[in-house]
Amino acid sequence: MQKLKPPTCEVKIGDVWCAVSLDEAATRHVMATKRCPACYGQVMILGAYGSPTVRRTMSHRKSHTGCSLMPRTYSGTPSPHPQALT
Ligand SMILES: [Zn+2]
């Protein structure tokens with residue numbers, strides 16, 4: 001059983017991808033490149049920047065059916081993003 005974790009994404013800091021909360025990504029790493037922790041596709045953070053109460057969500061720049069974090073488009077079989085960031 002997996003515990004529910006707070007939503008995270010990965011931001012590129014220097015040459016290293018770091019997992020951070022969506023809040024952190026949207027406030028402390030606004031300009032950094034962000035990717036999905038499951039499929040490594042590039043993502044953007046939706047939600048009002050600068051507000052501490054807003055609920056943020058992650059959106060893939062190119063949607064991808066092999067990403068288990070996106071139940072609406074997930075095909076049921078995990079696969080890496082065709083344009084995965086490394
Ligand atoms: Zn993804």
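Tutor: Along the sequence, the protein chain runs β-β-α-β-β-β. That comes to 1 helix and 5 strands. Here helices (H or I, at least four residues) and strands (E, at least two) are DSSP runs, numbered from the N terminus. This is a predicted model: local features need pLDDT of at least 70, side-chain atom pairs count only at pLDDT 80 or more, and totals for chains, interfaces and linings use all residues. Residues are numbered from 1 along each chain as its sequence is written. The pLDDT is the predictor's confidence in each residue, from 0 to 100. Its mean for the protein chain is 88.

Now burial. A residue is buried if 20 or more other C-beta atoms lie within 10 Å of its own, exposed if 12 or fewer, and partly exposed in between, with C-beta atoms placed from the backbone. Of the 86 residues, 21% count as buried.

A nonpolar core is a set of buried Ala, Val, Leu, Ile, Met, Phe, Trp, Tyr and Cys residues joined through C-beta atoms within 7 Å. The largest one has 12 residues, including Cys-9, Leu-22, Cys-36, Ile-45 and Cys-67. Strand 1 (8-13), helix 1 (22-27) and strand 4 (43-46) each give at least two residues to this core. Helix 1 supplies the largest share, 3 residues. In soluble globular proteins, nonpolar side chains tend to be buried together.

Take Cys-67. Leaving out residues up to four places away in sequence, Cys-67 touches Cys-36, Ala-38, Cys-39, Gly-41, His-60, Tyr-74 and His-81. Two residues are in contact if their C-beta atoms, placed from the backbone, lie within 7 Å.
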